[in-house]
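Welcome, and thanks for taking a look at this one with us.

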Amino acid sequence: MFSEDTVLLLYEMSDVLIAGLSNGSVYALMALGMTLVYGVTKAFNFAYGDFFNMGGYFAWMLIIGLGLQFGGYVTIFIVVLPMLFGVGYAMEKFLISPLRKRADWENRIMMLTLGLALFLTNLYMVVFGVKLKSLPAILDGILEVGEFVFSYQDIMIFCLSLGGILLFGWTLNNTRTGMAVRAVAQNPAGAKIVGINIGRIFAATFAISTVMVGFGGILLSQKLFINPSSGGAIMVKAWVVTAFGGMGSIRGGLVAAFIIGIMEAFVGWIFGMSYGIIALFILLLGTLIIRPQGLMGKGE
Amino acid sequence: MHLRQMAAFIGISYGIMALLPILVGDIPFIMNILVMCLIWAVVASCWDVMMGFAGIFTFGQVAFFVIGAYGSAILAISHNITPVIAIILSGFITAGMGVLVGLPCLRLAGPYVALVTFGVHMALQPLLKGEIGLAIGSGGAAGLLTIPPISLFGYEFTSSNIIPTFYLILLISLACVLAIMFMIKSHWGNAFLALKDSEDFAMSLGISAFKYKLMVFAVTSFLTGIIGGVYGHFYGVLSVRMLDLDLFSILMVMILAGGLGHFPGAVLGSFLVVAGSELMSPLGAYRAVTMGALVVFLVLALPDGVMGIFLKWLNKDDSANPAGSFSNGTIT
């Protein structure tokens with residue numbers, strides 16, 4: 001029915017699609033963290049991409065130091081995620097919250113986090129070297145369904161990041177902390193009046209977003225290597241997903257993440273990887289001109 | 001800050017700069033550093049005007065600088081245009097790019113502007129390295145290596161006869177900085193102050209935010225493009241490595257050290273930071289780390305930079321109202 005070439009092309013395309021889906025799931029996780037921190041604290045974090053690499057490097061250090069025999073990635077998650085939480089919490093408390101007193105604090109925070117991004121990027125280069133580091137796959141082997149081949153790694157990445165998103169959504173909707181976070185996002189003054197400790201919520205939100213992006217970093221670095229200078233590109237990516245999906249819309253972010261993941265995989269496949277960021281940028285400009293509130297965001 | 005104080009400040013800074021070759025004129029290494037001071041002073045001032053004065057939070061100034069440098073170099077190499085004309089043309093090209101980036105940006109809110117301009121910066125490197133860049137003559141990843149020096153009336157301003165070149169660049173740099181000063185203190189400048197203090201009220205008085213912000217985009221990118229072209233012709237080589245984050249962070253430190261939104265501060269900041277950065281060169285790879293840490297430190301601890309300290313000492317009244325706001329109901 002089909003010629004040999006067409007079938008090969010179809011298989012290749014299905015591979016690209018799968019890669020796009022597993023990348024997209026991690027993008028969704030990252031974009032969610034970004035929406036969260038911007039929606040609640042109104043602080044724009046330029047060092048977001050460097051926390052992604054921080055997760056990757058922490059995991060890499062553990063694997064180099066301990067090896068995988070102590071429970072593998074489960075141990076890594078148990079050790080690294082609280083560390084990231086601590087880093088994020090301290091960052092908010094000591095660096096960002098003192099700026100909130102100033103009149104132009106939004107711009108000051110952007111400058112501060114940009115400085116932080118430069119600091120971390122260069123620190124990674126000095127400490128770990130400019131060479132790319134790789135993490136071992138979370139699960140080896142492949143799953144064959146008929147003629148299609150899925151690697152367990154892709155499936156695990158997809159499931160874990162989706163699990164992370166669901167857990168996050170559940171926490172936000174069903175726990176007291178989650179409700180407090182939503183209250184602060186809706187009306188900081190009102191939240192203060194009913195006795196919510198805004199400072200702590202801000203710091204916790206920032207820390208949770210750090211954990212989410214760091215978790216994404218551990219997952220995606222298995223496929224893409226850890227690149228010390230990639231922080232800026234990752235931050236832009238997370239932000240484009242957020243803007244494309246619509247600020248503050250979790251469902252929009254999910255849809256946008258998968259669209260962008262697949263788009264990026266196909267652009268990379270057809271034109272080469274370095275064109276990914278150009279495609280993203282065109283998409284961002286197009287979104288902002290045609291539909292500034294994003295796919296599913298609510299208008300101003 | 002009053003116009004007279006501002007002019008005096010710029011005059012003293014550039015005057016000291018103009019006298020330095022008497023002391024160190026025969027040491028090419030130091031003269032090169034001084035030329036760098038002059039060039040970064042313009043870029044940092046343009047960026048400061050955009051961020052601190054016009055309130056447009058852009059991260060694209062380095063990209064405009066690179067566009068100007070590449071534009072002028074490509075015109076001179078591939079199209080055999082005299083460097084002086086090429087520099088002016090590339091200023092207009094950069095201004096055009098500035099308007100092109102500014103048009104979508106001005107409809108957006110704060111972080112989106114920062115993001116789009118940062119995106120321009122991020123997208124420029126693959127563009128210049130890739131096929132599109134090669135097609136317009138950017139030299140790809142290797143960069144441009146044979147950029148002709150500026151020549152006027154048959155005299156070539158190269159780095160081998162550094163002293164005349166230094167004074168030429170000093171004049172260009174001074175002209176750019178004075179242009180910025182007059183812009184800030186003109187009718188435009190007042191319009192910006194009004195827009196920054198209350199955009200709604202200013203618009204109700206008939207000041208078009210869009211028009212003025214687009215004009216500042218055009219003017220600052222024009223000046224950045226011009227100085228970028230001068231940089232390319234002075235150095236003779238260009239590569240996309242300029243778009244790495246090193247230059248970005250060092251410019252940021254200059255603005256912050258000088259004082260964000262305190263105009264001549266960025267000039268002083270760039271003179272101080274270039275000198276400081278050279279002093280830090282024994283740190284090697286840790287220099288970039290220090291620069292990043294310095295940004296964080298300056299934002300937290302010294303929000304008004306050196307200029308803030310200077311203003312406090314100069315005038316108690318002005319320090320209560322940071323430069324750029326209506327002090328005592330009058331605009332001076």
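In chain B, 76% of the contacts between residues at least 6 apart in sequence join residues at least 24 apart. The model you are looking at is predicted. Chain A gives 78% for contacts counted in this way, again for residues at least 24 apart among those at least 6 apart in sequence.

**Chain B as a whole**

- Chain B contains 15 helices and 2 strands.
- Of its 332 residues, 52% count as buried.
- A compact globule of 332 residues would have a radius of gyration near 20 Å, so the 19 Å of chain B agrees with that.
- Taken along the principal axes, the box filled by the C-alpha atoms of chain B is roughly 55 × 45 × 45 Å.

**A helix pair in chain B**

- Have a look at helix α11 (residues 245-258) and helix α12 (residues 264-279) of chain B, whose axes come within 7 Å and cross at roughly 125°.
- That angle makes α11(B) oblique to α12(B).
- The crossing in which α11(B) passes α12(B) is right-handed.
- On the α11(B) side, the residues that meet α12(B) include B:Ile250, B:Val253 and B:Met254. On the α12(B) side, B:Leu268, B:Leu272 and B:Val273 are among those that meet α11(B).
- Sorted by class, the contact of α11(B) with α12(B) has 10 nonpolar residues, 5 polar ones and no charged ones.

**Where the two chains meet**

- Between the chains, 33 residues of chain A are in contact with 31 residues of chain B.
- Three helices of chain A, namely α4 (105-128), α9 (231-245) and α11 (276-290), each supply at least two residues of the side that touches chain B.
- The most comes from α4(A), which gives 16 residues to the side of chain A that touches chain B.
- By class, the residues on this side of chain A divide into 24 nonpolar, 6 polar and 3 charged.

**Chain A as a whole**

- In chain A you will find 11 helices and 2 strands.
- Reading from the N terminus, the elements of chain A follow the order α-α-α-α-β-β-α-α-α-α-α-α-α.
- Buried residues account for 46% of the 300 residues in chain A.
- For 300 residues, a compact globule would have a radius of gyration near 19 Å, and the 20 Å of chain A agrees with this.
- The C-alpha atoms of chain A fill a box of roughly 70 × 50 × 35 Å along the principal axes.

- A:Met13 has its place in helix α1 (residues 4-41) of chain A.
- With 13 other C-beta atoms within 10 Å, A:Met13 is partly exposed.
- From A:Met13 to A:Ile259 there are 246 residues in sequence, and the C-alpha to C-alpha distance in space is 15 Å.
- A:Thr41 is also found in helix α1 of chain A.
- Is A:Thr41 buried or exposed? A:Thr41 is buried, because it has 25 other C-beta atoms within 10 Å and 20 or more are enough to count as buried.
- Leaving aside residues up to four places away in sequence, A:Thr41 touches A:Phe202, A:Thr205 and A:Phe206.
- A:Thr41 and A:Leu288 lie 247 residues apart in sequence, with 23 Å between them in space from C-alpha to C-alpha.

How values were computed:
Residues numbered from 1 in each chain as written. Chains lettered and ligands numbered in written order. Predicted model: local features only at pLDDT ≥ 70, side-chain atom pairs only at ≥ 80, totals over all residues. Axes fitted to C-alpha atoms, helices over the stretch in contact; angles between N-to-C directions. Helix = DSSP H or I, 4+ residues; strand = E, 2+ residues; numbered from the N terminus. Parallel < 35°, antiparallel > 145°, perpendicular 65-115°, else oblique. Left-handed = near helix turned anticlockwise from the far one by under 90°. Contact = placed C-beta atoms within 7 Å. Nonpolar A, V, L, I, M, F, W, Y, C, P; charged D, E, K, R; others polar. Rg over C-alpha atoms; globule rule 2.2 N^0.38 Å. Buried ≥ 20, exposed ≤ 12 C-beta atoms within 10 Å, placed from the backbone.
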